[in-house]
Amino acid sequence: MKKLKLLLANIILAGVLVLGGCADAGDSSQSSSSKETTTQESASSEDQNTNAEDSSDDTSAQADSGNTAGSDTAGKTKAAASKAKTSAVSTSKIPKYSGSPYIKVHNNVPFFKKSDLTKKVFEKYSKLDALGRCRTAYANVCKATMPTEKRGRIGMVKPSGWHTVKYNNVDGKYLYNRCHLIGYQLTAENANESNLMTGTRYLNVDGMLPFENMVADYVKETNNHVLYRVTPIYTDENLLADGVLMEAESVEDKGKGISYCVYVYNVQPGIKIDYETGDSSAKDSRRSGQSSAKGTYIINENTNKFHKPDCRSVKMMKDKNKKTYTGKRSELINSGYEPCKNCNP
Ligand SMILES: [Zn+2]
């Protein structure tokens with residue numbers, strides 16, 4: 001059964017998943033408190049081949065992000081490894097976004113092993129990869145890891161693919177949030193760059209937050225532990241993740257209280273995103289920011305064009321072809337109507 005699970009894991013996520021059992025990579029310079037915070041090298045099967053090389057810069061400080069001088073070779077090896085690894089990743093195995101912020105994967109069963117279910121408290125944040133991208137964050141969440149003070153500022157962290165950009169049709173206007181892989185409410189990690197990714201507002205609020213809240217509520221109610229792992233998934237060398245895999249399993253009751261395995265899409269309805277760079281545009285670029293605004297248009301059912309009410313074509317239109325429509329322009333276009341080239345509705 002275990003073998004089957006592992007096999008499935010590899011098939012479904014083709015090696016992106018960190019299946020645990022990796023070597024810890026020395027102390028992180030970022031452990032700011034007495035909490036046990038270690039930095040973890042990625043442990044996918046491909047990485048094991050390059051572990052010897054990787055260890056050479058394991059002790060380098062993370063604070064200045066990126067590789068320190070003299071570790072160029074390791075950096076390149078990592079880049080190559082990361083490329084090999086991500087090209088093996090098949091996000092094509094994951095259905096395209098189709099209206100739900102997340103989908104269950106692996107029958108909603110997290111990829112933890114039975115032996116992973118421990119009460120030992122830990123938090124592991126992977127080092128950024130050679131492209132500056134955050135990777136797996138993994139913790140055993142319990143009351144002791146939760147914050148005792150309010151969250152501080154995180155604006156100084158610029159995760160890979162970061163852009164400060166606003167759209168009118170995005171809740172809160174900003175397309176991107178600095179998304180905690182493991183939410184602040186769970187492990188109190190504030191401005192830890194290894195725990196922050198560029199995520200859409202939609203991923204953050206509609207996708208990840210409900211799962212995070214579920215775990216926080218459960219821990220507060222039961223005082224139990226929950227294994228919690230979040231893995232950003234990238235295509236090739238894209239700076240922006242396609243989505244994140246979220247896994248959680250409660251320890252004391254062996255998953256009775258909490259158990260899920262979901263893929264959350266890093267998308268934003270109405271916005272087109274270039275995942276290579278993080279660039280974006282409104283899907284209806286000619287009317288950026290207005291695609292959710294309603295208007296009144298006159299449709300010609302004969303030509304399948306639509307017009308502003310004061311367009312001269314409207315006056316010439318036969319009554320039987322004329323239809324008044326009030327609603328979103330984008331929906332008219334989605335229904336197959338074309339805007340008139342004279343009045344540019
Ligand atoms: Zn017109």
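These questions and answers walk through one predicted model. Residues are numbered from 1 along each chain as its sequence is written. Local features need pLDDT of at least 70, side-chain atom pairs count only at pLDDT 80 or more, and totals for chains, interfaces and linings use all residues.

Q: How many helices and strands are in the chain?
A: Helices (H or I, at least four residues) and strands (E, at least two) are DSSP runs, numbered from the N terminus. On that basis the chain has eight helices and 16 strands.

Q: What percentage of the residues count as buried?
A: A residue is buried if 20 or more other C-beta atoms lie within 10 Å of its own, exposed if 12 or fewer, and partly exposed in between; C-beta atoms are placed from the backbone. The chain has 345 residues, and the buried share is 37%.

Q: Why does the end-to-end distance of α6 agree with its length?
A: The expected span of a helix is 1.5 Å times one less than its number of residues. The 22 residues of α6 should therefore span 32 Å. Its end C-alpha atoms agree with this, being apart by 30 Å.

Q: Where does α6 bend?
A: The bend at a residue is the angle between axes fitted to the seven residues ending there and the seven starting there. In α6 this angle is about 50°, and Pro-210 follows within four residues. The bend is at Met-208.

Q: Which residue in β14 stands opposite Ile-299?
A: Two strands pair if DSSP finds at least two bridges between them. Strand β13 (residues 294–300) pairs with β15 (residues 322–328) in the antiparallel sense over seven bridges. Three bridges also join β13 to β14 (residues 305–307), again antiparallel. There, opposite Ile-299, stands Phe-306.

Q: Which residue takes a positive phi in the hairpin of β13 and β14?
A: The hairpin has four residues between the strands. The phi in question is near 60°, and the residue is Asn-304.
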